[in-house]
Every structure is written in C-alpha cells, then in structure tokens.
Amino acid sequence: MVPSQAALDLLHGIAVTLQAEAPITVGTMFRSPGLRTGTRIVAFLGFDDALIVKLPRARAVALVQDGTAEPVTMGTRTMREWVSLPVGADPAATRETWTGLAREALAYVRSIP
C-alpha cells in the first residue's frame, strides 16, 4: 500500500525537526518510506499510514498497554521493540505524538552499541 501524501509530509516534517539532534535521512526501509540515522532505522510508515518506531521493549509494551500504539508483526513474528502509531483524527496532535516518539526512537537507536 502506498502511503498518503499527508503521511509522507508528516514524515518529512519529523525528519526536519529531528535534524537538530542527529543526522536524519529519509529513504526506503522495508519497502516503505522511513527515517534513518547512519545505518540504523528509526521509524517508517506502515500499513494505513501508521508510523512504526523502534523503542526500548519496556516503553513499547507500555504504549501498547495504554492504547497509544499497537504491536508490530512481520510475517508470524511479533517484533519486541517496534510499535505502530496510528494516524489520529487531529493532524496537529498526530504530528506532536509522532514527533515525540520518533525523538525517543532516535535517542534509543543511537544508544545501541
């Protein structure tokens, strides 16, 4: 499924915002547009324009439990550190949520040795 222009615009806006913290590139990850720092994937757009981010396992579990995110399954495997953030009804609120969690994901992937 091809992401909507609104989701792509949001992804590019997040990339611009995060540039102040680390070099971010927008490219293709898992056949979807996404964000990368160096060789590490930070986030990418998934099915239904959801943003998928990599976070510490405990944080990912907490977001799923509070209903903010959904677990990510690739094939038959549920990914431990990846969660899917759906698009909300309010674009400004979605941008705020996505940017904050993408920032957390960036910090996390940069901390991995």
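Student: What makes residues 5-18 a helix, and how far does H1 reach?
Tutor: Helices here are DSSP runs of H or I with at least four residues, while strands are E runs of at least two, numbered from the N terminus. H1 has 14 residues and reaches 20 Å from its first C-alpha to its last, close to the 20 Å expected. The expected span is 1.5 Å times one less than the number of residues. A word on the source: this is a predicted model, where local features need pLDDT of at least 70, side-chain atom pairs count only at pLDDT 80 or more, and totals for chains, interfaces and linings use all residues. Residues are numbered from 1 along each chain as its sequence is written, and side-chain values use heavy atoms, leaving out hydrogens and water.

Student: Why is Asp49 called buried?
Tutor: Buried means under 20% relative accessible area, exposed over 50%, and partly exposed in between (1.4 Å probe, protein chains only). Asp49 has 15% relative accessibility, so Asp49 counts as buried.

Student: And what is Asp48 called, at 48%?
Tutor: Asp48 counts as partly exposed because its relative accessibility is 48%. Asp48 is found in the loop between E3 and E4, and that loop is also the place of Asp49.
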